[in-house]
Amino acid sequence: MHRPGTGFRRIALVNRLVGYLSGKRVSASVILIDRAASGAYTKGMANALLKTESGVGTHWTYADYKDWELKPGERYEIIYGEAYAMSAPNAYHQSILMELSKQIAVFLTGKECKVYPAPYDVRLFYEDDESDDTVVQPDISVVCDREKRGKEGCRGAPDFVAEILSPSNTAIEMHRKLNLYRDAGVREYWVLDGEGKSVASYLFDGETAVTRSYGEKDKPELASLPGLCIDLEPVFAE
């Protein structure tokens, strides 16, 4: 993931921008960003830029996020109001994701819980008025509460989340997400390392976490889905 300076870089200063915000015609001095140059300038981005120019500062919310018009393949996450661009996953990453998703999906057939592979929006701190400022796209999410399964994605914390390490998702960033998922109320969090063919498992209990590590020959049981043992050898098969 990259900070907004990468995905929303400033490329030119224009004197005036005329647009429609909340149904009213307005004009203002703003910084033109590459999304505007590509013709994908939206109300949410325009509002945020106007805030930036006035010195208030940009703090993205789900209301902004849902209005972004992105190019095919572009994905962003918002964490506490900051936007992060997500790089496209490689083939091995997708192989891990598909095999793990498949094993979970087969187990959940006919059960209340549902599994959702990325891209799937998870609004960790859901607010009815769309003021929530954290929207992430875990590689895999399992949601058991029917009330959390909205049309747009998950409204609240999933029961189980898995993230797969890649060049764009470093171990440091995964540790930051560990704290994020814990605070949101996720019950169980897995970090899969394809290069090391290993899994770090975190089972949350309030502010603490029980941590376990597994290798490719192991078949660990998901604490959040009792009875489901994941065969890691096909998960990490190349």
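Let's start at tyrosine 80, which is found in the loop between β3 (75-79) and β4 (82-86). Strands here are DSSP runs of E with at least two residues, and helices are runs of H or I with at least four, both numbered from the N terminus. Tyrosine 80 is not a glycine, yet its phi is positive, at about 50 degrees. Its relative accessibility is 42%, so tyrosine 80 counts as partly exposed; the scale used calls a residue buried under 20% relative accessible area, exposed over 50% and partly exposed in between, with a 1.4 Å probe and protein chains only.

A word on the model before going on. This is a predicted model, in which local features need pLDDT of at least 70 and side-chain atom pairs count only at pLDDT 80 or more, while totals for chains, interfaces and linings use all residues. Residues are numbered from 1 along each chain as its sequence is written, and side-chain values use heavy atoms, with hydrogens and water left out.

Now step back to the whole chain. The protein chain has 7 helices and 13 strands, and 46% of its 238 residues count as buried. Among its contacts with a separation of 6 or more, 54% are between residues 24 or more positions apart; a contact here means heavy atoms within 4.5 Å. The protein chain exposes about 12,000 Å², with carbon and sulfur atoms supplying 51% of that area. Such areas come from the Shrake-Rupley method with a 1.4 Å probe, and for residues only the protein chains shown count as cover.

Next, follow the cysteines. A search of the whole structure finds 1 disulfide, the term being used for a pair of cysteine sulfur atoms within 2.5 Å. The disulfide joins cysteine 113 to cysteine 144, with 1.9 Å from S to S. It links distant parts of the chain: cysteine 113 sits in the loop between α5 (91-108) and β5 (114-117), and cysteine 144 in the loop between β8 (140-143) and β9 (154-155), 31 residues apart. The torsion about the S-S bond is about 105 degrees, so this disulfide is right-handed. Cysteine 113 is buried, at a relative accessible area of 12%, and cysteine 144 is buried too, at 17%. Two other cysteines can be looked up as well: cysteine 154 is buried at 0% relative accessibility, whereas cysteine 229 is partly exposed at 43%.

The aromatic rings come next. The whole structure holds 10 aromatic pairs. Rings of Phe, Tyr and Trp (its six-membered ring) pair if their centres lie within 6.5 Å, and planes under 30 degrees apart count as stacked, over 60 as edge-to-face and the rest as tilted. Tyrosine 116 and tyrosine 120 have ring centres 4.3 Å apart and planes at 5 degrees, so they are stacked. Of these two, tyrosine 116 is partly exposed, at 22%, while tyrosine 120 is buried, at 11%. Tyrosine 181 and tyrosine 189 form an edge-to-face pair, 5.0 Å centre to centre with 65 degrees between the planes, and both of these tyrosines are buried. Elsewhere, ring pairs link Trp60, Tyr62, Tyr65, Trp68 and Tyr76 into a cluster.

Glutamate 130 lies in the loop between β6 and β7 (135-136) and has a positive phi of about 65 degrees although it is not a glycine.

Finish at glutamine 137, in the loop between β7 and β8. Glutamine 137 is buried, with a relative accessible area of 6%. Its side chain makes polar contacts with the side chains of tyrosine 65, at 3.2 Å, and arginine 75, at 2.7 Å. A polar contact is a pair of N or O atoms within 3.5 Å; within protein, one must be able to donate a hydrogen and the other to accept it, and residues adjacent in sequence count only if both atoms are side-chain atoms. Leaving aside neighbours within four places in sequence, the residues in contact with glutamine 137 include Tyr76, Ala118, Pro119 and Tyr120.
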